[in-house]
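Here is a friendly walk through one model, with the cut-offs given as each term comes up. Please have the viewer open as you read.

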Amino acid sequence: MAKKSSVNISRIAVIRIIIFLLIGFGLFTGYINVVEYLTSSSLFQVKEVMIDRSIGFIDLRSLKDLKGANIFKVDIKKIDRQIAQQYPYIAQLRVVRQLPDRLLILAKKREPLMQIYFKKKYLVLDKEGVALYYTLQPSALPQVSGIPLERDWTFLGGPIRGQEMGKAVEILNSFKGSPYLKRWRIHAVQVENLSKIDLLVGENMHVILDQDDTADKIGLLQMLISANKIDLNKVKYIDLRFKEPVIANNIDDTKG
């Protein structure tokens with residue numbers, strides 16, 4: 001009896017294997033057919049390429065070859081690299097497939113924050129220290145000096161690193177994000193000496209900082225401004241490097 005039972009189990013096992021093979025073959029054949037349909041059907045040919053309104057300056061002519069291509073065969077990463085190289089002042093770039101026949105390009109335009117005079121031109125950078133573009137004439141942006149630039153590693157679309165750049169970015173972003181300090185126009189920032197960072201503000205006022213506890217010191221400056229303890233028309237400089245801020249008035253205003 002035991003021998004007969006063993007034979008029956010073997011037959012069941014064989015039948016199961018055959019069934020699994022048939023199911024697997026059917027699934028594989030179905031997969032092949034689905035892939036063939038998705039990659040060859042005219043339903044999935046790209047008919048439209050749309051871009052985010054914030055980056056409406058993109059020249060769609062460079063993407064014209066995408067129309068008519070199968071949406072599943074489009075190399076998303078290649079398009080991403082192509083756009084990023086051509087437009088370095090774009091951030092958070094994403095190329096999205098919208099089935100059945102549309103590609104959507106999403107991104108944000110980088111906001112210029114500062115400029116650096118370099119090789120007889122002005123290099124404009126954003127709030128992350130990313131090099132955006134060159135101009136021959138200076139703009140109204142703060143001009144930062146003291147950043148050690150080398151042509152070999154300074155390229156458009158890439159970030160400029162280093163302590164000096166990091167501190168300049170931190171300070172300018174803090175001023176721009178403050179409801180009180182953003183009203184000030186910063187003409188120049190000197191960061192070659194991180195123990196004495198000099199900001200030229202307004203007509204001829206200087207704000208002096210260092211690399212230590214920068215956020216706290218800018219917060220103190222904001223508090224002084226909000227409390228109306230500083231007359232910007234009379235102040236020559238505000239030195240925030242010490243425990244108590246040093247505020248010096250113009251000599252002409254102190255004469256009796």
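Arg110 has a relative accessibility of 15%, so Arg110 counts as buried; here buried means under 20% relative accessible area, exposed means over 50%, and partly exposed covers the range in between, with a 1.4 Å probe and protein chains only. Through salt bridges with shared partners, Arg110, Asp126 and Glu128 belong to one network. A salt bridge here is a side-chain nitrogen of Lys or Arg within 4 Å of a carboxyl oxygen of Asp or Glu.

Before going further, some ground rules: this is a predicted model, in which local features need pLDDT of at least 70 and side-chain atom pairs count only at pLDDT 80 or more, while totals for chains, interfaces and linings use all residues. Residues are numbered from 1 along each chain as its sequence is written, and side-chain values use heavy atoms, with hydrogens and water left out.

In the salt bridge between Asp126 and Arg110, the closest N and O atoms are 2.9 Å apart. Asp126 lies in strand 5 (residues 121–126) and Arg110 in the loop between strand 3 and strand 4 (112–118), so this pair ties together parts that are 16 residues apart in sequence. Helices (H or I, at least four residues) and strands (E, at least two) are DSSP runs, numbered from the N terminus. Asp126 and Arg110 are both buried.

Glu128 is exposed, at a relative accessible area of 52%.

The whole structure holds eight salt bridges. One of them joins Asp101 to Lys47, with 3.8 Å between the closest N and O atoms. These partners are 54 residues apart: Asp101 is in the loop between strand 2 (90–98) and strand 3 (102–109), and Lys47 in the loop between helix 1 and strand 1 (48–51). Lys47 is partly exposed, with a relative accessible area of 48%.

## Strand 9 and its partners

Four of the five residues in strand 9 (residues 197–201) are buried. Strand 9 pairs with strand 8 (residues 186–190) in the antiparallel sense over four bridges, where pairing requires that DSSP finds at least two bridges between two strands. Ile186 is opposite Val201, and a hairpin of six residues joins strand 8 to strand 9.

Strand 9 also runs antiparallel to strand 10 (residues 205–209), with five bridges between them; Asp198 has Ile208 as its bridge partner. Their hairpin has three residues between the strands, and there Gly202 takes a positive phi near 65 degrees.

## The nonpolar cores

Which residues touch the most other members of the largest nonpolar core? They are Val144, Phe175, Trp184, Leu199, Val207 and Leu221, out of 37 residues. Such a core is a set of buried Ala, Val, Leu, Ile, Met, Phe, Trp, Tyr and Cys residues joined through side-chain atoms within 4.5 Å. Helix 3 (163–176) is among the elements that give two or more residues to this core, and its six residues are the largest share.

Apart from this core lies another, of 19 residues, including Val46 and Ile76.
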